[in-house]
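The sequence and the structure come first.

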Amino acid sequence: MTTPHVPAPHELAELRRRYRVERERRVRPDGAAQYRDADGEFGYYAADPYTEAPNERTPLRDTVDVAVIGGGFGGILAGAHARQQGVERVRIVEKGGDFGGTWYWNRYPGVHCDIESHVYLPMLDETGYIPEWKYAPGDEIRRHAVRIADMSGLYAHALFSTGVTALTWDETSETWSVATDRGDLFRATYVVNATGTLTDPKLPGIPGIEDFTGHTFHTSRWDYAYTGGTPEGGMAGLADKRVGVVGTGATGIQVIPMLAEDAAHLYVFQRTPSTVDRRDNRRTTAEDVGADREGWARERRENYLRIVSGEDAEEDLVADQWTASAGLLEKLLPSFRRGGDLKTFEAAYEMADAAKMNELRARVEKTVTDPETAEKLKPWYRYACKRPTFSDLYYPAFNRDNVTLVDTADTHGIERVTGHGVTVGGTTYELDCLIFATGFNVGASGVLSGKLPVHGRGGVQLLDRWARQGPRTLHGFTSNGFPNLIQMGSLQNASSVNFTHILDEQAAHAAALIAAAEARDALIEPSHEAEDAWIAVLAKDAPDHEWFHAECTPGYYNREGRGRPNGPTAYPHGAVAFHRLLRRWRDESIGEVLQARTAPRP
Ligand code: NDP
């Protein structure tokens with residue numbers, strides 16, 4: 001291993017200047033408004049290519065114990081934990097044709113999870129399943145989601161190809177009335193919202209996008225009928241095609257090497273290069289991961305969470321690029337929080353960051369043979385300004401004769417789409433197929449999108465209640481005026497790169513709330529005072545990351561360069577501390593949110 005070069009002060013000053021210039025090149029006055037939703041005339045980009053349009057069915061008018069919105073890992077885990085607590089009728093309502101969520105939709109060639117499969121896949125201890133690769137392909141992950149749903153009996157009441165359109169609290173029966181886009185109107189004692197944060201595909205609002213007459217689709221709705229092949233490649237349909245791909249985020253990095261293999265010619269339209277670190281995927285055995293011990297998966301997951309959250313751990317069981325570098329900031333934070341001085345902390349952080357980024361830029365230079373292309377592929381911002389990515393195939397793809405990198409930073413992205421191609425810097429690239437790897441509307445699903453009206457006590461809309469003071473919750477899960485409604489997600493809760501671990505803890509918490517309410521024949525509803533107290537906890541140490549994101553290149557992490565939203569959004573002391581807090585609260589204080597029912601339990 002080479003020793004990382006420690007940057008000198010003048011190098012740090014130059015980096016700071018360069019980062020500012022690169023940020024300014026990319027910040028757009030229209031911010032997030034530059035994107036358009038994949039609906040209306042662009043609804044084609046969001047249609048489900050994997051399941052045939054469903055037949056008419058008789059709308060449901062029944063009653064269930066728990067309605068879960070969303071059938072991704074969040075919803076499945078909420079259902080599985082509720083079933084473990086003895087809840088009978090759990091109905092998951094899911095827009096896709098089956099369980100899987102993001103892994104149902106994202107089936108593009110090369111799709112893998114870049115978090116180690118042994119910590120990413122939930123319920124390995126419970127299912128007895130042991131992944132065979134360090135980083136699992138998408139299809140294996142989707143099948144595992146189905147496995148958990150099946151094992152937990154969640155198919156029995158599930159509704160697929162169905163979207164929830166409204167939730168209304170009925171004061172008389174003290175149940176939620178759940179309306180769907182297929183005419184259902186059923187009742188649920190509890191509702192768990194598990195709609196995810198990165199679900200609805202988004203498109204860039206490039207002028208002329210509607211004029212393109214070639215074939216076009218979004219990576220999360222891969223059109224294998226057109227390309228041929230499978231997620232493993234072999235796209236014979238592209239052998240004589242000029243293909244353009246827009247976007248070089250975590251998706252682009254995985255799909256581009258596959259397209260490079262199979263397309264006659266591939267044009268990669270890049271606006272901001274990602275950091276692309278080593279992947280080192282390899283087969284693993286049960287022995288490698290200690291899977292002969294009971295509880296091995298939980299132990300490994302907890303160890304991983306500790307390390308990426310910057311907590312002390314005796315050993316690093318996963319030992320990958322995330323544990324080596326994703327906690328760059330987090331690793332320095334604990335000593336700062338223990339009373340360290342801000343200047344020392346920032347200087348130490350900048351030094352560690354510059355060494356890491358220099359190493360990543362050197363990686364490009366070492367792999368890409370054309371110096372001009374290599375220069376364009378170098379990321380000029382701090383590590384984790386954008387979602388870090390990992391690939392051993394991405395940079396070599398640019399050494400192929402059939403791959404052209406088109407940098408669009410100077411024009412703030414692609415200028416125009418024409419009937420037959422894409423224009424950048426006055427040059428038009430003729431294309432047969434244009435693929436958008438342009439990501440998802442952040443936080444645009446579920447109750448926060450405004451597209452799913454939630455009427456609580458007195459007919460008050462949840463977003464109206466939050467309009468003046470911002471979101472108000474206890475632990476991110478529950479809100480006053482909205483009894484028995486439990487939110488999953490990172491709002492006023494915790495987050496981590498291994499989000500399925502977070503979801504599993506949230507699902508266990510949701511199930512514990514439901515079990516406690518069932519045991520005492522009560523409603524779950526925090527008081528205003530409990531919400532205020534939680535907001536105060538969040539606000540106390542909130543500003544840690546603000547200075548960091550304010551200086552980053554634009555992207556969905558910082559609202560396209562505008563910084564983080566106002567108000568506390570997540571628990572500031574990390575996921576491990578948050579889980580500890582929740583466990584203690586469940587043991588000692590859960591009764592605080594239980595209110596007497598006035599109507600009999602249905
Ligand atoms: P992203 O939002 O991360 O990336 C979108 C890409 O499109 C960016 O490169 C963006 O450039 C580019 N883009 C947008 N508009 C234009 C334009 N007008 N012209 C040119 N380029 C444009 O989406 P992804 O689908 O890549 O990833 C979304 C998230 O999904 C990830 O951050 C990650 O959380 C998750 N994911 C996880 C994976 C895993 O393995 N665990 C795999 C894949 C995704 P710019 O950066 O300049 O805005």
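## The ligand and its surroundings

The ligand is surrounded by 27 residues, of which Asp114, Thr251, Thr272, Lys386 and Tyr556 are the closest. The model is a predicted one, and the values below should be read with that in mind. By class, this shell is made up of eleven nonpolar, eleven polar and five charged residues. Among the elements of secondary structure, strand S7 (198–204) and helix H8 (250–262) each contribute at least two residues to the shell. Residues of the shell come both from domain 1 (9–37 + 203–279 + 352–436) and from domain 2 (63–200 + 442–539 + 590–596), so the ligand lies between these two domains.

The side chain of arginine 271 places an N or O atom 2.9 Å from an oxygen atom of the ligand, while a backbone N or O atom of glycine 249 lies 3.4 Å from a ligand oxygen atom. A nitrogen atom of the ligand, in turn, is 3.3 Å from a polar backbone atom of isoleucine 414. Taken alone, the ligand would expose 920 Å², and the protein buries 89% of that area.

## Salt bridges

Side chains of opposite charge can pair when their charged atoms come close.

| Pair | Distance (N to O) |
|---|---|
| Glutamate 261 and arginine 400 | 3.6 Å |
| Arginine 363 and aspartate 392 | 3.1 Å |
| Arginine 472 and aspartate 532 | 2.3 Å |

The salt bridge between glutamate 261 and arginine 400 links distant parts of the chain, since glutamate 261 belongs to helix H8 and arginine 400 to the loop between helix H14 (394–397) and strand S13 (403–407), 139 residues apart. Glutamate 261 is exposed, with a relative accessible area of 53%, whereas arginine 400 counts as partly exposed at 31%.

Arginine 363 and aspartate 392 form another such pair, in which arginine 363 sits in helix H12 (residues 342–367) and aspartate 392 in the loop between strand S12 (389–390) and H14, 29 residues apart. Arginine 363 is buried, its relative accessible area being 18%, while aspartate 392 is partly exposed at 35%.

In the salt bridge of arginine 472 with aspartate 532, arginine 472 lies in the loop between helix H15 (462–467) and strand S20 (485–487) and aspartate 532 in helix H17 (residues 528–540), so the pair ties together parts that are 60 residues apart in sequence. Arginine 472 is buried at a relative accessible area of 14%, and aspartate 532 is partly exposed at 40%. Elsewhere, salt bridges that share partners join Arg18, Glu22, Arg25, Arg26, Asp407 and Asp410 into one network.

Which phi do glutamate 174 and histidine 412 have, although neither is a glycine? Glutamate 174 has a positive phi of about 50°, and histidine 412 has a positive phi of about 55°. Glutamate 174 is found in the loop between strand S4 (164–170) and strand S5 (175–180), where its relative accessibility of 4% makes it count as buried. Histidine 412, located in the loop between S13 and strand S14 (416–417), is partly exposed, with a relative accessible area of 27%.

Technical notes: Residues numbered from 1 in each chain as written. Predicted model: local features only at pLDDT ≥ 70, side-chain atom pairs only at ≥ 80, totals over all residues. Heavy atoms only, no water. Near = heavy atom within 4 Å. Polar contact = N/O pair within 3.5 Å; in protein donor to acceptor, adjacent residues only side chain to side chain. Areas by Shrake-Rupley, 256 points an atom, 1.4 Å probe, with all protein chains shown as cover. Helix = DSSP H or I, 4+ residues; strand = E, 2+ residues; numbered from the N terminus. Nonpolar A, V, L, I, M, F, W, Y, C, P; charged D, E, K, R; others polar. Domains from an automatic or database assignment. Salt bridge = Lys/Arg side-chain N within 4 Å of Asp/Glu carboxyl O. Buried < 20%, exposed > 50% of the residue type's maximum accessible area, 1.4 Å probe, protein only.
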